[in-house]
Amino acid sequence: MLATRDRENAGGAGENVNYTFSVKIKFIEIVDEEVHDLLQPTGAYGHHSLNVVTNEWEGPVVNGVNWIPMTNQHQLADFFVNGTKNRTNRSNEFGRLNEKAAGIFSIEVTQIKDNAQSGDVNVTVSKLDIIDLPGCEVL
């Protein structure tokens, strides 16, 4: 979702402030110590495993996962439903893997506040992680 809004006098007398917003999402699954991107098409052999690396600024991050920009709330809901359909549903000798899989749906909203008069630009990034832990459905 990309939105722009102009507001006069938002920051004080006579100031012209422009706000720009963007939203992007990612949806990953962790199962048997492997991380999968649920929003990417799977190959003939299923999801490929992604690596977790340590970033100096963000801490542990998943390397190779794609953030997908959203244009509206319906698109966000569609991606969530499609990602949920891509969740693991196979079994191994110890039981169903979906009972051991954790899903993390992440939403990132970026707001850019541009004050045309003073030349100041402020960027605010907000993140929301919705986590589905194994075993939560039995509570």
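Biologist: What should I know about the numbering and the values?

Modeller: Residues are numbered from 1 along each chain as its sequence is written, and side-chain values use heavy atoms, leaving out hydrogens and water. The model is predicted, so local features need pLDDT of at least 70 and side-chain atom pairs count only at pLDDT 80 or more, while totals for chains, interfaces and linings use all residues.

Biologist: How do strands S9 and S10 pair, and over how many bridges?

Modeller: Strands are DSSP runs (E, at least two residues), numbered from the N terminus. Two strands pair if DSSP finds at least two bridges between them. S9 covers residues 102–115 and S10 covers 121–132. Their pairing is antiparallel, over twelve bridges.

Biologist: Which residue takes a positive phi in the hairpin of S9 and S10?

Modeller: Five residues lie between the two strands. The positive phi, near 85 degrees, belongs to Gly119.

Biologist: Which residue forms a salt bridge with Glu108?

Modeller: A salt bridge puts a side-chain nitrogen of Lys or Arg within 4 Å of a carboxyl oxygen of Asp or Glu. The structure holds five. For Glu108, the closest N and O atoms are 3.3 Å apart, and the partner is Lys24.

Biologist: How many residues apart are Glu108 and Lys24?

Modeller: Glu108 sits in strand S9 and Lys24 in strand S2. The pair links distant parts of the chain, with a separation of 84 residues.

Biologist: Which residue in S10 is the bridge partner of Glu108?

Modeller: This is a strand bridge, as DSSP finds it. The partner in S10 is Lys127.

Biologist: Which residues lie nearest the centre of the largest pocket?

Modeller: A pocket is an open set of points on a 1 Å grid over the protein atoms alone, with protein on both sides within 12 Å along at least five of seven lines; lining residues have an atom within 4 Å of a point. The space here is about 390 Å³. S2, S4, S5, S9 and S10 each supply at least two lining residues. Of the 16 in the lining, those nearest the centre are Lys26, Glu58, Pro60, Val61 and Trp67.

Biologist: Pro60 is in S5. Which residue has it as bridge partner?

Modeller: S4 and S5 pair in the antiparallel sense over five bridges. A hairpin of three residues joins them. The residue bridged to Pro60 is Thr54.

Note on methods. Helices (H or I, at least four residues) and strands (E, at least two) are DSSP runs, numbered from the N terminus. On a 1 Å grid over the protein atoms alone, a cavity is a set of points where a 1.4 Å probe fits but cannot get out, and a pocket is an open set with protein on both sides within 12 Å along at least five of seven lines; lining residues have an atom within 4 Å of a point. Grid points are joined across faces, edges and corners, and a volume is the space filled by probe spheres set on the points.
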